Amino acid sequence: MTEIVALAPRLARRVAAARRAVVLTGAGVSEESGLGTFRGPGGLWEEFRPEELATPEAFARRPRRVRDWYAARHRTMAAAAPNAAHRALARWPALFPSFLLVTQNIDQLHQRAGSPEVVELHGTLMAARCGSCGARRPMAELILAGGTIEDERPPRCSCGGLWRPDVVWFGEELPGEAIDRAQRAAASCDLFVSAGTSATVFPAAGLIALARQAGAVIIEVNPEATAFSDLADLRLPGAAGTHLPALTAAIEACRSPG
Ligand code: BJW
Ligand code: ZN
């Protein structure tokens, strides 16, 4: 059942007039597709410590363990289907003269739901990258080609470098073009939605403050409060799969002519 999101009249007027919208998504948006979040009860970091798996040092120390963890997550992600939240966001490019979807997720569920353009701040698990020469290839190909969970030897590129997931680990720089685009868009938007992210990882979380400084309407979709909730003009406390379709319908209604 789709909930009704009632925008207060003053907020509805600002949303109706918005021309440049940005949405930032995090793991919570894929939670209803069966993918785990990182933090909080039942999150991935409850079972594993980030510094044991999501850092370049961990990969250098224990490449097989890191590779197996990502191979298992790749299987889960490839088998997952986009949910109502991903599908709702795929309708946003038609609603605004300028729209940017920015995600911290590595699962490509936005693309599979039909979003034509997605800025991936933390890379993608659908690709592997050579840690030495930067060559890329599909992760599925790498998993099929060898380097399976049973294989002891880490798979290597023809240059001798180790293949690794094309994701961004702690202490690594985000892809320059992706974070530049996201920061430029946030600093000049008039509507910013933060959905399904704990907003604890920087520089992604800093986008919310940039949007606030730009004077944008800020909407947060999250069952839990975050460190940035106080900046929000509207908090939708609940699941993205419920609130994002409702919010999309409310925006479509307030922007449709007549
Ligand atoms: C629902 C829901 C439902 C549940 N519906 N909602 C400034 C200050 C302090 C520290 C730093 C700083 N700048 C940089 C740092 C260091 C570090 C950092 O931020 N550390 C913090 C932890 C303090 N940042 C970095 O290291 C970054 N790199 C960097 O800054 O480089 C600088 C540099 C410059 C020059 C040279 C070299 C370096 C890189 C960060 C990379 C993060 N990588 C990960 C792993 C990716 C691969 C993988 O998936 O394994 O990215 S960590 C993990 O956290 C993942 C996520 O994208 C990211 C954010 O998590 P997210 O999406 O917010 O998930 P959760 O679980 O935290 O939250 C889910 C939310 O959903 C919750 O709030 C729930 O309530 C909610 N929810 N169900 C809606 N149904
Ligand atoms: Zn190479």
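Predicted model: local features only at pLDDT ≥ 70, side-chain atom pairs only at ≥ 80, totals over all residues.
Local features need pLDDT of at least 70, side-chain atom pairs count only at pLDDT 80 or more, and totals for chains, interfaces and linings use all residues. Residues are numbered from 1 along each chain as its sequence is written, chains are lettered from A and ligands numbered from 1 in the order in which they are written, and side-chain values use heavy atoms, with hydrogens and water left out. Helices (H or I, at least four residues) and strands (E, at least two) are DSSP runs, numbered from the N terminus.

**Salt bridges**

- Side chains of opposite charge can pair when their charged atoms come close.
- The count is 11 salt bridges, each a side-chain nitrogen of Lys or Arg within 4 Å of a carboxyl oxygen of Asp or Glu.
- E52 and R65 form one of these, at 3.6 Å from N to O. This pair links distant parts of the chain: E52 sits in helix α3 (residues 50-53) and R65 in helix α5 (residues 63-79), 13 residues apart.
- Burial classes here use relative accessible area: buried is under 20%, exposed is over 50%, and partly exposed lies in between (1.4 Å probe, protein chains only).
- E52 is partly exposed, with a relative accessible area of 29%. R65 is partly exposed too, with a relative accessible area of 29%.
- R91 and E252 meet in a salt bridge of 2.9 Å, N to O. R91 lies in the loop between α6 (84-89) and β2 (98-103), and E252 lies in helix α11 (residues 240-255), 161 residues apart.
- R91 is partly exposed at 36%, and E252 is partly exposed at 27%.
- E172 pairs with R164, and their closest N and O atoms are 2.7 Å apart. E172 is partly exposed at 22%, whereas R164 is buried at 7%.
- Salt bridges that share partners join R49, E52 and R65 into one network.

**Helix α9**

- Helix α9 spans residues 176-186, and its buried residues are A178, I179, A182, A185 and A186.
- Seen down the axis, these buried residues fall within an arc of 130°, so they line one face of α9. The arc is that of the directions from the helix axis to the C-beta atoms.
- An α-helix has 3.6 residues a turn, so residues three or four places apart point the same way.
- E177 and R184 are exposed, on the face of α9 turned away from its buried side.
- The cover over the buried residues of α9 includes β1 (20-25), β2, β3 (119-120), β7 (191-195) and α10 (206-213). Contact here means heavy atoms within 4.5 Å.

**Helix α10**

- L207, I208 and A211 are buried in α10. Their arc around the axis is only 105°, which puts them on the same side of α10.
- The buried residues of α10 are covered by elements including β1, β2, α9, β7 and β8 (217-221).

**Strands β4 and β6**

- Strand β6 (residues 163-167) is mostly covered, with 5 of its 5 residues buried.
- Strand β4 (residues 123-130) and β6 run antiparallel, joined by 5 bridges. Two strands pair if DSSP finds at least two bridges between them.
- P165 in β6 is the bridge partner of A128.
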